[in-house]
Amino acid sequence: MEKGKFANLTTKQLQKRKKYAFILLVILIAAVVLDVSALIYLLVIGKGFNNALFATTAACMVIFIPIYMGKKKIEGELKNREDR
């Protein structure tokens with residue numbers, strides 16, 4: 001990611017991106033919780049391990065990382081602007 005990518009955006013745009021990143025993170029966390037719950041349920045009732053549920057859980061976790069890191073960078077840029 002470019003060093004000055006967020007420096008070129010306005011504070012309002014950064015706040016909007018931060019809000020959308022938060023919403024996406026909440027959705028991803030909810031999806032992971034639901035997938036893991038379904039996996040545990042299927043294991044408890046004796047249906048075995050479901051590879052599709054595990055794959056979607058892993059994909060959600062992989063997608064979570066760059067969104068979270070971007071949100072942290074946005075928060076850092078907003079904090080930097082407050083300090084000025």
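A residue is called buried when its relative accessible area is under 20%, exposed when it is over 50%, and partly exposed in between (1.4 Å probe, protein chains only). By that rule Lys71 counts as buried, because its relative accessibility is 12%.

The model is predicted, so local features need pLDDT of at least 70 and side-chain atom pairs count only at pLDDT 80 or more, while totals for chains, interfaces and linings use all residues. Residues are numbered from 1 along each chain as its sequence is written, and side-chain values use heavy atoms, with hydrogens and water left out.

Lys71 lies in helix 2, where helices are DSSP runs of H or I with at least four residues, numbered from the N terminus. Helix 2 covers residues 51-83, 33 residues in number, and spans 48 Å from its first C-alpha to its last, close to the 48 Å expected when 1.5 Å is multiplied by one less than the number of residues. At its start, a side-chain oxygen of Asn50 comes to within 3.0 Å of the backbone nitrogen of Ala52.

Among the buried residues of helix 2 are Leu53, Cys60, Ile74 and Leu78, and the buried residues of this helix pack against helix 1 (11-45). Lys71 itself, leaving aside neighbours within four places in sequence, is in contact (heavy atoms within 4.5 Å) with Lys18, Ala21, Phe22 and Leu25.

Ile45 belongs to helix 1, and its C-alpha is separated by 24 Å from that of Ile29, 16 residues apart along the chain. The table sets out the accessibility of two residues.

| Residue | Relative accessible area | Class |
|---|---|---|
| Lys71 | 12% | buried |
| Ile45 | 43% | partly exposed |

Methods: Helices (H or I, at least four residues) and strands (E, at least two) are DSSP runs, numbered from the N terminus. A polar contact is a pair of N or O atoms within 3.5 Å; within protein, one must be able to donate a hydrogen and the other to accept it, and residues adjacent in sequence count only if both atoms are side-chain atoms.
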